[in-house]
Amino acid sequence: MSEELAKAYDPSLVEQKWYKFWEEAGLFKPDETREKTFTIVIPPPNITGSLHMGHALNNSIQDLLIRYKRMQGFKALWVPGTDHAGIATQNVVERELKKTGQRKEDLGREKFIEKVWEWKKEYGGRITKQLRRLGASCDWSRECFTLDEQRSKAVKRHFIQLYKEGLIYRGKRIINWCPRCQTAISDIEVEHATIKGHLWHIKYGPLTVATTRPETMLGDTAVAVNPQDDRYKHLWGKTVELPLVGRHIPIIKDEFVDLTFGTGAVKVTPAHDPNDYEMGMRHNLPFINILTPDGHLTFKEFGREERERMEKEGAGGIEGLDRFKAREKIVELLEKKGFLVKIEDYETSVGHCYRCKTIIEPYLSDQWFVRVKPLAEKAIAAAEEGKVRFVPERWTKLYLQWMTNLRDWCISRQLWWGHQIPAWYKGEEIFVGEEPPKGEGWKQDPDVFDTWFSSALWPFSTLGWPDETSDLKTYYPTDVLVTSYDIIFFWVARMIMAGLHFMKKEPFHTVYFNPLVKDIHGKKMSKSWGNVIDPLEVIEKAGADALRFAFLSLLAGQGQDIKLSEDKITEARNFANKIWNASRFVLMNTPSVPRQSSGHLPLDKGEKERGLELADRWILSRLNQTIKQVTENLENYKFGEAARLLYSFVWSEFCDWYVEIAKIRLHGEDEIAKAEAVAILIKVLENTLKLLHPFMPFITEEIYQRIVKVRTIMLEEWPKADEKSIDQAAETEMAVNMEVIRAVRNLRSQKKIPVGRKVIVHLEDGPKLNEPYLKRLAKIEGIVAGPGEGEGIKVEVAGAKLFLRFQPAQ
């Protein structure tokens with residue numbers, strides 16, 4: 001006997017109950033008795049984060065894949081974890097300290113790091129709890145953290161091995177510097193934005209130079225002209241005096257100079273511009289730094305005469321000013337002294353820190369770098385040879401373009417929270433190793449690694465590398481990476497490089513880039529715009545299944561971004577209700593029938609099996625077509641198409657058509673016919689729930705447990721299409737009947753024929769129609785073969801010529 005479902009579906013009574021059961025029963029762990037593996041590693045969310053729509057979409061896709069593969073019989077492993085998020089986490093804890101009037105410097109490094117670990121203990125698990133609410137079936141017993149002991153061991157090995165191979169070096173280079181975070185950031189962590197600024201034209205003796213950053217003139221050590229520019233031939237090798245400073249700087253020739261920019265003569269500031277840095281190296285120019293780490297002017301590298309000249313010119317007070325205040329003061333002085341020729345409005349692309357949005361400064365600093373080119377070559381080949389496939393495929397081109405134009409990667413960060421670089425200094429000596437060198441006088445490098453330096457190892461460090469663990473042997477390489485396209489360079493490319501270098505194998509065969517989630521108008525969700533939809537609020541109101549299905553059904557067909565609306569979530573919630581109500585109806589009709597396995601129809605002893613009727617053959621054909629198509633779509637990462645196929649099959653074909661037709665037998669007197677209808681209903685419902693489970697895990701588990709007494713639907717076998725049950729003739733015949741039923745319904749509505757007025761259908765010509773179906777669904781009295789007369793309407797539909805005769809009103 002089946003247990004009756006409640007009248008209305010309430011996700012809050014179902015979801016947390018089942019998740020607790022799954023996790024406590026260890027059902028998210030891979031079944032070690034299985035042979036074929038399928039592995040996913042989670043893109044580790046920052047410990048500072050809480051679940052947003054991007055996380056919810058990304059993890060809904062991963063969970064769909066892992067549940068699907070688990071049901072297909074794979075030894076399926078989804079490794080969870082979180083990222084220590086260097087800059088972000090340090091900033092959060094610093095803000096907390098600020099509330100108590102403290103700075104990290106007041107505590108010192110060791111005590112501050114203790115504070116961060118305390119914060120991590122209290123808040124770091126927030127997002128993993130929220131992922132559980134979504135239904136993420138990760139193996140939590142294997143949860144990793146990018147700064148835990150095993151990952152720290154991996155990062156040290158990563159650095160030391162590359163250093164020994166000559167692929168890591170330390171050098172003074174121009175890097176991107178954030179004055180707010182006071183750390184270096186890599187090229188791809190710089191966000192460029194076009195801003196309206198000015199182009200200041202300044203007189204340098206006989207030359208006029210143009211600049212968008214006049215404050216940097218204080219660090220100029222040359223003026224450059226193009227050797228092809230005949231206007232300045234007479235000045236080659238001569239010097240000019242730098243305004244306000246009095247420094248005599250040479251006029252040099254360099255082909256980098258654009259003849260068409262400004263006057264064709266450019267100021268050269270080697271310590272504060274990457275192109276000027278290269279010119280400085282080519283021409284052996286001095287490098288003069290004019291900025292402190294927090295973006296204030298400093299004259300510490302000026303000579304005594306230059307300082308005195310600055311005082312004389314009234315520029316002494318500039319030292320210590322913020323860079324933008326200093327800019328205003330310098331422009332004012334240049335104008336006052338007659339050096340400013342003109343100011344033009346000018347649009348320029350300016351780099352900003354991806355984390356705090358501060359304008360970055362090109363800054364000369366001692367940093368650690370990875371020689372990327374040798375690593376990139378193999379990663380390029382992996383994509384070109386199809387060993388790593390990108391979905392959608394258009395991302396391959398962008399990946400290859402970026403990989404062929406890489407600069408060396410700056411991996412050191414001036415932070416306290418993170419993996420401290422395992423390098424020690426004593427005078428000019430450098431020691432690199434896992435443990436400190438013996439002897440006195442050694443000081444460890446205070447910097448930490450770029451967060452992405454540890455994340456690059458994620459597909460194999462999570463499996464135990466550098467140790468040769470059984471997990472590493474069994475589950476590497478992983479299979480699919482699901483991630484957002486906005487970190488293709490930050491993370492994906494670097495994982496491919498690291499995997500190929502250390503493991504000699506690509507870390508995954510497929511990268512699926514999920515789209516970004518935007519509002520219904522295609523606008524980015526932002527608190528300031530008031531258009532944010534909170535996934536946790538949606539889960540509270542509509543359930544996790546509704547949120548998941550809303551996302552998954554929106555994938556593809558909209559370009560690269562998802563436009564999410566409350567209406568779409570309501571539609572998914574209504575779909576969950578439809579599944580519940582149909583299942584409730586089936587279960588209410590089940591107790592009167594002896595329960596057998598859904599694969600067989602119950603028949604009376606000794607009676608020959610009767611041929612299935614049209615609706616049965618049709619729904620079984622449609623079920624098997626749906627199994628086939630959904631499976632094909634999932635194999636090809638067409639998740640949205642698979643979701644839409646299921647929606648159409650469940651809502652329209654099963655609920656609106658087959659269930660209604662089945663009621664003819666369920667309400668009839670023929671017990672065998674009744675049993676057959678119930679058996680088909682159960683068979684279709686059982687298989688449909690299995691197909692839906694990866695999309696909507698909670699509601700499917702709740703209903704399935706009422707139908708089949710199993711441990712969990714999660715471990716049930718994924719349905720396989722039975723080609724013998726695909727019946728095109730039944731589908732064609734049923735399609736004709738459905739078209740006729742729709743036509744009769746529409747005509748009744750259009751002609752305003754009351755439901756109580758009887759209608760007889762005359763089939764004048766065309767295929768045979770199923771009278772019981774039309775009687776039930778089109779509310780007709782009957783079907784008569786041959787022409788009809790009297791009051792009525794002629795109609796031709798689906799090859800059938802009909803006359804709808806209206807009986808006189810009673």
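Me: Which side chains does Asp-450 join through a polar contact, and what counts as such a contact?
Reply: A polar contact is a pair of N or O atoms within 3.5 Å; within protein, one must be able to donate a hydrogen and the other to accept it, and residues adjacent in sequence count only if both atoms are side-chain atoms. Here the side chains of Asp-450 and Trp-409 are joined at 3.1 Å, and the side chain of Asp-450 also pairs with that of Arg-413 at 3.2 Å. Keep in mind that this is a predicted model, where local features need pLDDT of at least 70, side-chain atom pairs count only at pLDDT 80 or more, and totals for chains, interfaces and linings use all residues. Residues are numbered from 1 along each chain as its sequence is written, and side-chain values use heavy atoms, with hydrogens and water left out.

Me: Okay, is Asp-450 buried or exposed?
Reply: Buried means under 20% relative accessible area, exposed over 50%, partly exposed in between (1.4 Å probe, protein chains only). Asp-450 has 2% relative accessibility, so it counts as buried. You'll find Asp-450 in the loop between strand 21 (448–449) and helix 13 (451–455); helices (H or I, at least four residues) and strands (E, at least two) are DSSP runs, numbered from the N terminus. Leaving aside neighbours within four places in sequence, Asp-450 is in contact (heavy atoms within 4.5 Å) with residues including Ser-186, Glu-189 and Arg-494.

Me: Where does Asn-289 lie, and which side chain does Asn-289 join in a polar contact?
Reply: Look in the loop between helix 8 (274–283) and helix 9 (304–312) for Asn-289. The side chains of Asn-289 and His-272 make a polar contact of 3.2 Å. At 8% relative accessibility, Asn-289 counts as buried.

Me: How do I describe two packed helices?
Reply: You give the angle between their axes and the distance between the axes. Axes are lines fitted to C-alpha atoms, for helices over the stretch in contact, and angles run from 0 to 180 degrees between N-to-C directions. Take helix 21 (residues 639–666) and helix 25 (residues 771–778): they pack at about 110 degrees, with axes 10 Å apart. That makes helix 21 roughly perpendicular to helix 25 (under 35 degrees is roughly parallel, over 145 roughly antiparallel, 65 to 115 roughly perpendicular and the rest oblique).

Me: Which residues meet there?
Reply: From helix 21 you have Trp-657, Glu-660, Ile-661, Lys-663 and Ile-664, and they meet Pro-772, Tyr-773, Arg-776 and Leu-777 of helix 25.

Me: What is a nonpolar core, and which residues touch the most other members of the largest one?
Reply: A nonpolar core is a set of buried Ala, Val, Leu, Ile, Met, Phe, Trp, Tyr and Cys residues joined through side-chain atoms within 4.5 Å. The largest one has 194 residues, and Phe-159, Phe-390, Tyr-399, Leu-564, Phe-654 and Phe-695 touch the most other members. Helix 21 supplies the largest share of this core, 14 residues. A second, separate core of 40 residues includes Tyr-169, Leu-207, Val-209 and Ile-330.

Me: What about the backbone: which peptide bonds are cis?
Reply: Val-391 and Pro-392 are joined by a cis peptide bond with omega about 0 degrees, and the bond from Trp-465 to Pro-466 is cis too, with omega near 15 degrees. For phi, check Leu-244: it is not a glycine, yet its phi is positive at about 70 degrees. At 0% relative accessibility, Leu-244 counts as buried.
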